[in-house]
Each structure stands twice: as structure tokens, then as C-alpha cells.
Amino acid sequence: NRRVVLWMPDEVHRTEAATVLDAHQILKPERALGWTATPFRASRTERLSLWNTLLYNYSPADAMRDHIVVPWRIVHYEGREAGLRDDVCTAMIASAKGPGMVNADGIADAKAFSDRLNTHPPIRADCIHSEMGLRDQGTRILKLRDGELSALVHVAMLQEGVDWPWLRWLCLRRCVE
């Protein structure tokens, strides 16, 4: 016989899940205040049907103005040889300055590409993925931040809620939405 007076979920673009919608119907909160960094979604499965008012908007332009987000610069490969994608990515990573991240299709791909980076040309790289323990993940992230590694090859790590202002580059080697 308790009532829910206030419901405060984070990442509310994920509240379209059937379990959340069902729980909302059962709990019937009197008030709700939710957060998301991405309120405007293209996918119907991530619409905001439980939410009807936007109280605060902090845009990418606001974040750049406040120096929260560094303005990005897209660098296209301009080499003349017609190489494979991994050859092009390796060449671009070799010329990059500072720590960076490379995306991979899966764990085996992340391991294979980090091995490739370590051999030719020798770029200090490692892979990071969900089958590693949090301690190992944290150690590799610190090695990247502290300059012991130049690159981490990851599987879906840089999606939402990552705040690593020390990163200097990203190599999108695999398609992303």
C-alpha cells in the first residue's frame, strides 16, 4: 500500500522497454524527473512516450562554448595507394598525436587489430572488452591516459556516459550508427 511519489530515472531514452512501461503502469508515480543526454532519437524503440516536457537543454554548441567538448576535426585519409581499410586506419593511427581509441566489430577483431598495431608499424596498443574484469579494463584505460599505450581497440565502449577529456583522437574503423 505504498505509493511512488517521485521516480527519477537516468537514460530515459531507454524507458521504452516493456518492463519499464509495465512498471510505470503498476507504480503510477505522482511525479517523474528523468535525464538523458540524447532526448531526440531516431529509433521508435527509444522514443520518450513517458515524458512530455523538456525542462533543460544543453546542446553540443553550449558544451563547445563552455569548453566541455573540444571542437572536433574530421581527418579523411588522403593517401594515394588504394589500401584496405585496416591499412588506411593503421597509417592514420601511426600519424596521430596523443592517446586514442579504435572501434572493433567484436572481441576477436579487437584482439587481432591491437596485435596488428603492435607489429607493423609498432604502435603501443591493447584491446579492451566486456569479457575482461573491471580491474583489467581500468588498468588499460590508465595506461592509455598515462601514455604507456597510444591506442586502445574497443568493442562498443564509447557510446554513452564516457568522459575522457584526455583522449585526442578516435578511429572509426567499423560502422557506427
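**Note on the predicted model**

1. The protein exposes about 12900 Å², and carbon and sulfur atoms supply 54% of that area. Accessible areas follow the Shrake-Rupley method with a 1.4 Å probe; for residues, only the protein chains shown count as cover.

2. This is a predicted model: local features need pLDDT of at least 70, side-chain atom pairs count only at pLDDT 80 or more, and totals for chains, interfaces and linings use all residues. Residues are numbered from 1 along each chain as its sequence is written, and side-chain values use heavy atoms, without hydrogens and water.

3. There are three aromatic pairs in the structure. Rings of Phe, Tyr and Trp (its six-membered ring) pair if their centres lie within 6.5 Å; planes under 30 degrees apart are stacked, over 60 edge-to-face, and the rest tilted. Tyr 56 and Tyr 58 are stacked, because their ring centres are 6.5 Å apart and their planes stand at 15°.

4. Is Tyr 56 buried or exposed? Tyr 56 is exposed, at 62% relative accessible area. Tyr 58 is partly exposed, at 34%. Buried means under 20%, exposed over 50%, partly exposed in between (1.4 Å probe, protein chains only).

5. Trp 164 and Trp 166 also form a stacked pair, with ring centres 5.5 Å apart and planes at 15°. Both of these Trp residues are buried. Buried residues make up 28% of the 177 residues.

6. Arg 173 lies over the face of Phe 113, 4.0 Å from the ring centre. The rule: NZ of Lys or CZ of Arg within 6 Å of the ring centre and within 35 degrees of the ring normal.
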